[in-house]
Amino acid sequence: MTSPEGSSGAAKSADESAASGHFRALESLYAAAPVNSLFQSQLEILEAGRARITFIANERYFHAAGATHGTLYFKMLDDAAFYAANSLVSDRFLLTTGFNLHFTKPLRTGKVIAEGKWISGKRRVFIAEAHLMDEEGDEIGRGTGTFMRSHIALSGLDGYRQPE
């Protein structure tokens, strides 16, 4: 997604425009996924290899002891890490092949930010990490995932729309 060293300004601008279009299309893909209608959340691809999801946690996600169930932690951490990795791949949809999750603080309600960051891999397997921060700026969870290129073309997915 980045231009090679020594390329002209026009080529670099075209590469940046293509990357930006890919990022916006991934954001559109996230918004179009049926599962995301269950959450008050929004994805933002910050740059190649970095993604942020902002969401609202409320009582509907609580387990019996009155705190947010781990499924919400997993979903938001996995999505943030996934989109950070998929921001580096403009032709194929990645698949999560493994995810390691650590709960560091219970979450009740409020605004939460999931930040994902690509760590390594650029061919077939990618590794990315993510962390969750609550409104007070405290970490409430973190995780590391592995993601593999699939045979699914991004361009064939209904929600993946490049800006005009």
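How many of the 17 residues of H2 are buried? In this predicted model, the count is 15, and the helix is mostly covered.

Helix H2 covers residues 70-86. From its first C-alpha to its last, H2 reaches 24 Å, close to the 24 Å expected at 1.5 Å a residue. An α-helix has 3.6 residues a turn, so residues three or four places apart point the same way.

Asp-78 is found in this helix. The residue is buried yet has no salt bridge. Its nearest side chain of opposite charge belongs to Lys-75, 7.2 Å away. A salt bridge needs a side-chain nitrogen of Lys or Arg within 4 Å of a carboxyl oxygen of Asp or Glu. Asp-78 does have a polar contact: its side chain and that of Thr-96 are joined at 2.9 Å. Leaving aside residues up to four places away in sequence, Asp-78 touches Thr-96, Phe-99 and Phe-147.

The model also holds paired strands. Strand S4 pairs with S2 and with S5, as the table shows.

| Strand pair | Sense | Bridges | Residues standing opposite |
|---|---|---|---|
| S2 (residues 50-57) and S4 (residues 110-120) | antiparallel | 8 bridges | Ala-51 and Gly-116 |
| S4 and S5 (residues 125-133) | antiparallel | 7 bridges | Ala-114 and Leu-132 |

What do S4 and S5 form, and how many residues lie between them? The two strands form a hairpin with 4 residues between them. Gly-121 is in the turn and has a positive phi of about 90°.

Notes: Residues numbered from 1 in each chain as written. Predicted model: local features only at pLDDT ≥ 70, side-chain atom pairs only at ≥ 80, totals over all residues. Heavy atoms only, no water. Buried < 20%, exposed > 50% of the residue type's maximum accessible area, 1.4 Å probe, protein only. Lys, Arg positive; Asp, Glu negative; His and termini not counted. Polar contact = N/O pair within 3.5 Å; in protein donor to acceptor, adjacent residues only side chain to side chain. Contact = heavy atoms within 4.5 Å. Pairing = 2+ DSSP bridges. Expected span 1.5 Å × (residues − 1).
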